[in-house]
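Good morning, and thank you for joining this group meeting.

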Amino acid sequence: MSKLDHSRDINVTIKWCLASTLSRVRNNFLALCASNYYDGCIFHRNIKGFMIQTGDPTGQGKGGQSIWGKPFSDEVRSTLKFNARGVVAMANSGPDTNKSQFFITYSKQPHLDGKYTILGKVIDGADSTLDAMEKVPVTNKNRPLTEIKLTHVQLKRPSFTLY
């Protein structure tokens, strides 16, 4: 059985790829990061070969709020694609329902192109960290059996780090 080593920090550095025109998504995500909103969030959904999701402080996958207290519009760009492992995007429950949740892909997911707003791409930790997360056993509802927790988001320019 695989499990994460909780005795050390696990870092993931993400290259920010939102243009300045993507103001609502950028402002929401950066404000939530800066306010420590994501600190302590668990990754509540983990689907091998697909993605891992977090951003709901309740840990159930049904919660979370934007900085405006309500959902906001998608900001999908045709030039940004789910064409690699480690793409980071806003999670939602349908068009224009973004709040606080986001996910990281484990592989190319072209069927998601044009449906979710891409935030960036993992540029450090894509191999070891995502590999370890992907190997964590899950329930029949894709909830990790071993808790995977986002302890803090450290903002950097032009990247930020999750660990």
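I shall go through the fold, then the nonpolar cores, and finally the cavity.

Please bear in mind that this is a predicted model. The protein chain contains two helices and 10 strands. Following the sequence, these elements come in the order β-α-β-β-β-β-β-β-α-β-β-β. Among contacts in the protein chain with a separation of 6 or more, 70% are between residues 24 or more positions apart.

Let me turn to burial and surface. The protein chain has 163 residues, and 45% of them count as buried. Its accessible surface is about 8300 Å², with 49% belonging to carbon and sulfur atoms.

What does the interior hold? In soluble globular proteins, nonpolar side chains tend to be buried together. Here the largest nonpolar core has 23 residues, and Tyr38, Ile52, Phe102, Leu119, Leu130 and Met133 touch the most other members. At least two residues of this core come from each of helix 1 (23–34), strand 5 (87–90), strand 6 (102–105), strand 7 (118–124) and helix 2 (128–134). Helix 1 contributes the most, with four residues. There is also a second, separate core of nine residues, and Met51, Val87, Ala91 and Leu112 are among them.

I close with the cavity. How many cavities of 30 Å³ or more does the structure hold? There is one, and the volume of the largest cavity is about 40 Å³. Its lining is formed by Glu75, Val76, Arg77, Leu80, Phe82, Gly114, Tyr116, Thr117 and Ile118. By class, five of these lining residues are nonpolar, two are polar and two are charged.

Technical notes
Residues numbered from 1 in each chain as written. Predicted model: local features only at pLDDT ≥ 70, side-chain atom pairs only at ≥ 80, totals over all residues. Heavy atoms only, no water. 1 Å grid on protein atoms, 1.4 Å probe; cavity = no way out; pocket = protein on both sides within 12 Å on 5 of 7 lines; lining within 4 Å. Points joined across faces, edges and corners; volume = space filled by probe spheres on them. Nonpolar A, V, L, I, M, F, W, Y, C, P; charged D, E, K, R; others polar. Buried < 20%, exposed > 50% of the residue type's maximum accessible area, 1.4 Å probe, protein only. Contact = heavy atoms within 4.5 Å. Areas by Shrake-Rupley, 256 points an atom, 1.4 Å probe, with all protein chains shown as cover. Core = buried A, V, L, I, M, F, W, Y, C linked by side-chain atoms within 4.5 Å.
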